[in-house]
Amino acid sequence: MSTLTAATWVFALLLVVAGSGKIARPAGARDALRAVGLPADARLARMLGAAEVCVGGTVLVVGGRALTALLAVAYAAFAVVAQRQRRQGGNCGCFGTTTTPATALHVWFDVAAAVVAAGTAVVPGASLLAAVVDDPLQGMLTVLLVTVVTGVLRLVLTAVPDLHTALALVPPRNDA
């Protein structure tokens, strides 16, 4: 397993998490789609979430060039939407949240995910499922690490922008 393949698994799992958030709480994605001029309602947001779960899940379970290339295209599209949202001061809507602002960090993250997935599509590795089947102990450790890194990245993409926004609301202290 290459580092590129492992990073792609993280991005695929993050897509599953984001899609699940859209299915459970479609308002954020609906608002984000509407803000950039795309058709938007709760059903469409849920369908987008389901598509994300399918793409990310199949990359993890099946792998292969075509699916990994589709993951790259998805993240490239997310980068474009996140950039438009950022310019408009809009919310991300990625994980089903309605308050997390789209930031430059988010745009660059999506660009990096697209590049990594594209690289993996050119030189594909095994799926995460195949890695677990080939070597169960190492595979389960890999699953654990991919899950932890995915969780940390989700926090970086949601909690950090929310914290930054909250801190901007706090007036500076005058301790002179």
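R43 has its place in helix α3, where a helix is a DSSP run of H or I with at least four residues, numbered from the N terminus. Because its relative accessibility is 62%, R43 counts as exposed; the cut-offs are under 20% relative accessible area for buried, over 50% for exposed and partly exposed in between, with a 1.4 Å probe and protein chains only. Along the chain R43 and P26 are 17 residues apart, and their C-alpha atoms are separated by 7.8 Å.

The model is predicted, so local features need pLDDT of at least 70 and side-chain atom pairs count only at pLDDT 80 or more, while totals for chains, interfaces and linings use all residues. Residues are numbered from 1 along each chain as its sequence is written, and side-chain values use heavy atoms, with hydrogens and water left out.

Helix α7 covers residues 136-169, and its 34 residues should span 50 Å at 1.5 Å a residue, which agrees with the 49 Å between its end C-alpha atoms; the expected span is 1.5 Å times one less than the number of residues. At V156, α7 bends by about 30°, the bend being the angle between axes fitted to the seven residues ending there and the seven starting there. The buried residues of α7 are G139, T142, V146, T150, L157, T158 and P161, and what covers them includes α1, α5 and α6 (128-134), with contact meaning heavy atoms within 4.5 Å.

On a 1 Å grid over the protein atoms alone, a cavity is a set of points where a 1.4 Å probe fits but cannot get out, whereas a pocket is an open set with protein on both sides within 12 Å along at least five of seven lines, and lining residues have an atom within 4 Å of a point. The largest pocket holds about 380 Å³ of space, and among its 25 lining residues K22, E52, F78, V81 and C94 lie nearest its centre. Helix α4 gives the most to this lining, with six residues, and by class the lining of the largest pocket has 19 nonpolar, three polar and three charged residues.

A search of the whole structure finds one cavity of 30 Å³ or more, and the largest cavity has a volume of about 50 Å³. Its lining includes T5, T8, W9 and G125, and α1 supplies the largest share, three residues. The lining of the largest cavity divides into four nonpolar, seven polar and no charged residues.

Key:
Grid points are joined across faces, edges and corners, and a volume is the space filled by probe spheres set on the points. Helices (H or I, at least four residues) and strands (E, at least two) are DSSP runs, numbered from the N terminus. Ala, Val, Leu, Ile, Met, Phe, Trp, Tyr, Cys and Pro count as nonpolar, Asp, Glu, Lys and Arg as charged, and the others, Gly among them, as polar.
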